[in-house]
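Trainee: Please pick a single part of this model and take me through it closely. I would also like to see how that part sits in the context of its chain and of the complex.

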Amino acid sequence: MRRITKLRTPIHFDSWAAVGGYEERRGPLGEKFDFCDISDKFGQSTWEIAEAEMGRVALNTALSKSGMSHDRIELLVAGDLQNQCVASSTGLSSFGIPFLGVYGACSTCTESLMTLCSFIDSSEHMTIGAAVTTSHNSAAERQFRTPIEYGGQRAPTAQWTSTAAGAFILGRGEGEVQITEYMPGRIVDGSTSDGANMGGAMAFAAFDSLQAYFEESGEEIRNFDCIVTGDLGKVGSDILRELLAKSISGAERIHTDCGLLLYDFKKQDVHSGASGCGTSASVLACHFLPMLKEGKIRNILFMSTGALMSPSSLLQGENIYGIAPLIRIENMKGSE
Amino acid sequence: MDSKVKKELIKKHSPSSSLFKNSLLAFFFGGLICVIGELLLMLYSHLGCDEKTAGILVTVTLIFIAAILTALGIFDKIARHAGAGTLVPVTGFSNAVVSEAMDSKSEGYVLGVGAKIYTVAGPVILYGILSGFVYGVIYYIYTLVEGMKL
């Protein structure tokens, strides 16, 4: 079975934007965000609509950075963590762009970029598309855990859902930073039903994807500057690095995780790190893409990691399943 | 990779909560709340309430303080460290009800607040009543037995 798709037409990142909330602003990447609302409310009356508005602001920012009007975007692929992806549909409805809602839990960012690439690559006419991913801490707490002001203790393995959004405009044709390959992930049993340890559950999916990628592509580790995972946090990253050290030697040394980069572990009470699909989306937009553009790094594997579960499935004792779709992003300037 | 190996890997890399530190903090904060309760009891007695009324007023005051701290967004920050220290006394119950009421207000007063207010506190009410009933039945049988002996 072949899983990697090499894009036939070059597809580049035209522009991108990262939007966040209070904790994201306080984190080490805070100043790199395009916009942070320290009230987390984005001028809205509910957390759910605040998330929708955050997605709208992110796409608007990316559009203005590219100098493009929204009516040039031919397809919008977006997702979030709310039921039925309602944050995306509510927040992005005003643009009037043909829309595909995707749900991959926290793997949504890579899933949406991959879906968009596939559409542009196979379409005869499509040249420009956009991908948006959002997650909001308060909306997620309400949906998946306890009320926001509820006073409880969290396990050390628990993660902090980020209030963050990433928006990307992809265009057909060559550019400085291009997506060159993509590979969908497989659904991998995380062998735990502990909702406070999603990083641990997702680590095996990330490993499964990396193993499949290196086996099929025959690529060497030294061709890559970074292997980036979405939100494994401390626990998941430790597990992944141990697995990589045993079978894909060297990969563990270039592994980095967006969930470890977004917050300051000394200052911020985030336990095992950041989670939520906005984590990988915003860190890609404010950290990795700028570095790729500047040529500080040239070649990365980017995998958002998703924990596939629902509040009901957890209460019923079902295992959490992980998924880790993968894309390869390269700086194309002077690579020959 | 088989499930057993995965479970072991997760266990190996997952730090567990510090039982000693959490117990100590819970003991301190729980004790502190009881001290405040005791001081309130002395205050109400001093103001002329009989012991039973003063006791009820202490409970009501603690519930009120916890509700206000929840509304101001302070309670959860204390509880993060205090754990069972704030959860076990009546303060925990107050927080569970108020936080859920605050959250579900956006969904309306009937199907939001009305239907969801006891989502977190519900088990305490249900099993509180149930255990009260079981205790009552046992006590009743006990009194019957005692009565027969006489």
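Mentor: Two residues count as being in contact when their C-beta atoms, placed from the backbone, lie within 7 Å. By that criterion, 80% of the contacts in chain A between residues at least 6 apart in sequence join residues at least 24 apart. In chain B, residues 24 or more positions apart account for 55% of the contacts with a separation of 6 or more. The model is predicted, and the predictor gives the complex an ipTM of 0.89 and a pTM of 0.93.

The part to examine is helix α3 of chain B, residues 51–71, where confidence in chain B is highest, at a mean of 96. Confidence is lowest in helix α5 (residues 84–87) of chain B, at a mean of 89. For chain B as a whole the mean pLDDT is 93, with 99% of its residues at 70 or more.

Start with the length of α3(B). Its 21 residues, at 1.5 Å a residue, should span 30 Å, and the end C-alpha atoms are 30 Å apart, so the two values agree.

Next comes burial, for which the cut-off is 20 or more other C-beta atoms within 10 Å of a residue's own. The buried residues of α3(B) include B:Val58, B:Leu62, B:Ala66, B:Leu69 and B:Thr70. These residues lie on the same side of α3(B), because they cover an arc of only 110° around the axis. Cover for the buried residues of α3(B) comes from elements including α2 (19–46), α4 and α6 of chain B. On the face turned away from that buried side, α3(B) carries the exposed residues B:Lys52, B:Thr53, B:Ile56, B:Val60 and B:Phe64. Just after α3(B), B:Gly73 takes a positive phi of about 75°.

Another helix of the chain gives a contrast. Helix α8 (residues 122–149) of chain B has 28 residues, which should span 40 Å at 1.5 Å a residue; its end C-alpha atoms are 41 Å apart, which agrees.

Chain B has eight helices and zero strands. Of its 150 residues, 23% count as buried. The radius of gyration of chain B is 21 Å, whereas a compact globule of 150 residues would have one near 15 Å. The C-alpha trace of chain B spans about 70 × 50 × 40 Å along its principal axes.

Chain A has ten helices and 16 strands. The radius of gyration of chain A is 18 Å, close to the 20 Å that the globule rule gives for 336 residues, so chain A is as compact as a globular protein of that length. Of the 336 residues of chain A, 56% count as buried.

Last, the contact between the chains takes 28 residues from chain B and 25 residues from chain A. On the side of chain B that touches chain A, the elements giving two or more residues are α1 (3–13), α4 (75–82) and α6 (90–104) of chain B. The residues of that side divide into ten nonpolar, twelve polar and six charged. Two of these elements, α4 and α6 of chain B, are also among those that cover the buried residues of α3(B).

Terms used
Residues numbered from 1 in each chain as written. Chains lettered and ligands numbered in written order. Predicted model: local features only at pLDDT ≥ 70, side-chain atom pairs only at ≥ 80, totals over all residues. Helix = DSSP H or I, 4+ residues; strand = E, 2+ residues; numbered from the N terminus. Nonpolar A, V, L, I, M, F, W, Y, C, P; charged D, E, K, R; others polar. pLDDT = per-residue confidence, 0-100. Rg over C-alpha atoms; globule rule 2.2 N^0.38 Å. Buried ≥ 20, exposed ≤ 12 C-beta atoms within 10 Å, placed from the backbone. Expected span 1.5 Å × (residues − 1). Arc of directions from axis to C-beta.
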